[in-house]
Amino acid sequence: MQGEQLKAALARTGQLLRPWEAGLAALLCALVLLVPWPGSDAPIWQAERVETLIADRSSEQEPLWREQAFWRADPGDGVMQLRWRVPDAALTSDTPMALALSGPFSADVSFNGQRIGAKGRPFSETAPERAGPIDSLIALPPDLIRPSGNEVSLVISSTRAGYQPAVIVQTLAVTPFRPDARRSLRDYAPTLGLAGVLAVLAISLIRLGLDRGDRTLFWLAGGLAALVIAALAEISRAYVNYPYDWHQPRQAVILLGMAGFSAGCLGFLVKRWVLGRVWSRAAIGIITVCALLGVLLYDGYDGKIILLTMCTVFGCLVWTLIAGVRTDRSALAMTGVFLALLLVNLTAPGRFIDLGVYAITATAFGLWMLRAPDLLSPASEPLETSSQTALTVQSTGKMHRVALDDVLYLKAAGNYTEVHRCSGGWLLDQRGMAAVLEEAGEGVMRVHRSYAVNMSKVDALLTRPGSRYGLSLLGGAEAPVGRSRVDAVRDALSR
């Protein structure tokens with residue numbers, strides 16, 4: 001029964017998506033997230049992440065020499081010495097080889113006991129640290145390669161960005177030599193393409209909002225624009241091999257972009273499906289507090305982004321569920337996208353930050369813009385005749401037809417408009433004052449920045465001390481008149 005009601009509600013507003021369209025969108029997202037993208041050449045050998053290898057050097061005994069093991073020397077002065085045993089198979093190629101290093105650190109690099117290069121300059125007793133590039137590629141001299149037992153040794157310091165020692169080495173790998181140490185743009189090709197789609201969607205939402213007089217869409221457009229900024233910061237590593245101390249500012253931009261996206265989605269839902277002022281303030285307050293706690297209490301930027309988006313996406317999911325049950329069942333159509341975002345966030349947080357949030361958002365909102373724009377912004381019902389006799393009031397989940405003769409005055413309420421009726425009571429239109437006046441026609445005149453009145457219901461123009469004016473309306477109501485509009489009101493009353 002519930003499913004039939006949902007189907008009927010969507011069909012009435014022209015928002016029903018065909019099953020194959022929804023299935024195709026889900027398949028597209030799955031392919032983007034699961035299928036490996038053909039990026040740059042894969043490394044022949046890559047060491048494990050440092051945090052999986054770090055060991056407590058609590059004694060003076062030498063560490064075990066085993067493949068991919070490392071030890072830490074003089075941890076008190078902020079300098080580490082790391083050693084890896086490189087598998088023999090990684091160095092048997094006839095192609096010139098190189099050691100690829102990436103992460104927020106500076107290092108001196110040695111191979112089989114010989115210094116072969118540097119990534120910046122690590123801290124020492126004789127010189128301060130110079131921040132190395134975030135990505136570095138150091139050639140391996142062929143004459144130093146042994147038949148077996150090859151070792152890589154790094155003297156590392158990281159004093160510019162505040163990272164923990166266990167997470168600074170992002171990549172240590174043997175790869176074919178190439179002249180450019182930057183990450184390949186092909187690695188970021190999906191994110192770059194999705195950023196373009198999101199930018200087009202943001203512009204389309206602004207145009208749709210202007211066409212329909214629906215400022216609610218500006219929240220969503222702003223959220224998508226913020227997500228584009230986060231994506232551009234993500235892929236900037238393929239364009240600029242910046243010093244590693246710029247890595248945290250880059251991540252801060254990504255965090256701010258994700259925060260803007262979260263705020264845009266939440267603001268759009270709260271204004272698109274109004275559940276009451278108390279509910280709205282409570283929801284925004286709770287979600288904001290939880291997100292800020294996650295950002296403030298977690299050290300790493302990736303963790304901050306995950307916790308912030310997790311809180312907001314969960315709040316958006318709950319909001320659409322409540323709105324779908326209480327006011328407008330078409331809101332349930334949006335639960336799918338927030339549920340998908342939440343699941344990817346929980347199960348694959350790294351993939352969520354790098355690609356998942358862009359793929360799911362671009363696919364879902366792109367499909368709605370093409371096939372179901374009324375889900376994002378309810379469309380007005382066309383008038384049957386050229387003669388304007390009624391006003392279409394676009395309330396949450398409903399559209400009311402109010403006879404113009406029953407309209408007493410309009411009052412701006414933020415991004416909404418209160419339509420006060422001669423018969424008593426009022427309705428809240430989700431559009432701004434300008435959009436409502438455009439539909440109402442010349443009979444309803446704007447007399448103040450926040451008021452417009454049905455001129456046929458005016459009883460008298462009132463003059464008060466201090467050059468203030470007002471209109472007395474039928475039934476005893478009053479509306480203020482702006483000084484700049486007094487002459488126009490007098491002309492209208494004299495006709």
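How many of the 7 residues of strand S2 (residues 79-85) are buried? In S2, 5 of the 7 residues are buried, which leaves the strand mostly covered. Here, buried means under 20% relative accessible area, exposed means over 50%, and partly exposed lies in between (1.4 Å probe, protein chains only).

## Ground rules and overview

This is a predicted model, in which local features need pLDDT of at least 70, side-chain atom pairs count only at pLDDT 80 or more, and totals for chains, interfaces and linings use all residues. Residues are numbered from 1 along each chain as its sequence is written, and side-chain values use heavy atoms, with hydrogens and water left out.

The protein chain has 12 helices and 18 strands. These are DSSP runs numbered from the N terminus: helices are H or I with at least four residues, strands are E with at least two. Of the 495 residues in the chain, 47% are buried. Taking contacts (heavy atoms within 4.5 Å) between residues at least 6 apart in sequence, 66% join residues at least 24 apart.

## The sheet that holds S2

S2 belongs to an open sheet of 4 strands with antiparallel pairing, in the order S2-S7-S4-S5. Two strands pair if DSSP finds at least two bridges between them. The edges are S2 and strand S5 (114-119), each of which pairs on one side only. On average, neighbouring strands in this sheet are turned by 20° against each other, direction ignored; the axes behind such angles are lines fitted to C-alpha atoms (for helices, over the stretch in contact), and angles run from 0 to 180 degrees between N-to-C directions.

Strand S7 (residues 151-157) runs antiparallel to S2 and is joined to it by 7 bridges. One place to look is Gln81, whose bridge partner in S7 is Val155. S7 also pairs with strand S4 (residues 106-111) in the antiparallel sense, over 6 bridges, and here Ser106 has Ser157 as its bridge partner.

## Two nonpolar cores

A nonpolar core is a set of buried Ala, Val, Leu, Ile, Met, Phe, Trp, Tyr and Cys residues joined through side-chain atoms within 4.5 Å. The largest one has 62 residues, and Met334, Phe338, Tyr358, Trp368 and Leu376 have the most contacts inside it. Several helices supply at least two residues each, including helix H3 (189-212), helix H5 (247-272) and helix H9 (349-371). The largest share, 12 residues, comes from H9. A second, separate core of 23 residues includes Leu82, Trp84, Leu99 and Ile156.

Where does Thr320 sit? Its place is in helix H7 (residues 301-326). Thr320 counts as buried because its relative accessible area is 0%. A polar atom of the Thr320 side chain lies 2.9 Å from the backbone oxygen of Leu317. Leaving out residues up to four places away in sequence, Thr320 touches Leu269, Ala331, Leu332, Met334, Thr335 and Phe338.

Leu255 lies in helix H5 and is buried, because its relative accessibility is 11%. With the same exclusion of residues up to four places away, Leu255 touches Val295, Tyr301, Lys304, Ile305 and Leu308. Leu255 and Thr309 are 54 residues apart in sequence, yet 9.6 Å apart in space, C-alpha to C-alpha.

## Cysteines

A disulfide is a covalent bond between the sulfur atoms of two cysteines. With the cut-off of two cysteine sulfur atoms within 2.5 Å, the count comes to 0 disulfides. Cys311 is in no disulfide, and the nearest cysteine sulfur, that of Cys290, is 5.1 Å away. Cys311 is partly exposed at 22% relative accessibility, and Cys422 is also partly exposed, at 38%.

Another open sheet has 5 strands in the order S13-S12-S11-S15-S14, with antiparallel pairing. Strand S13 (426-429) and strand S14 (444-448) are its edge strands, each pairing on one side only. Its neighbouring strands are turned by 25° against each other on average, direction ignored. Strand S12 (residues 416-421) and S13 pair over 4 bridges in the antiparallel sense, and His420 has Trp426 in S13 as its bridge partner.

Why is helix H11 (residues 433-440) described as largely enclosed by the rest of the structure? Because 6 of its 8 residues are buried. The buried residues in H11 are Met433, Ala435, Val436, Leu437, Glu439 and Ala440. Gly441 follows H11, with a positive phi near 90°.

Methods: Polar contact = N/O pair within 3.5 Å; in protein donor to acceptor, adjacent residues only side chain to side chain.
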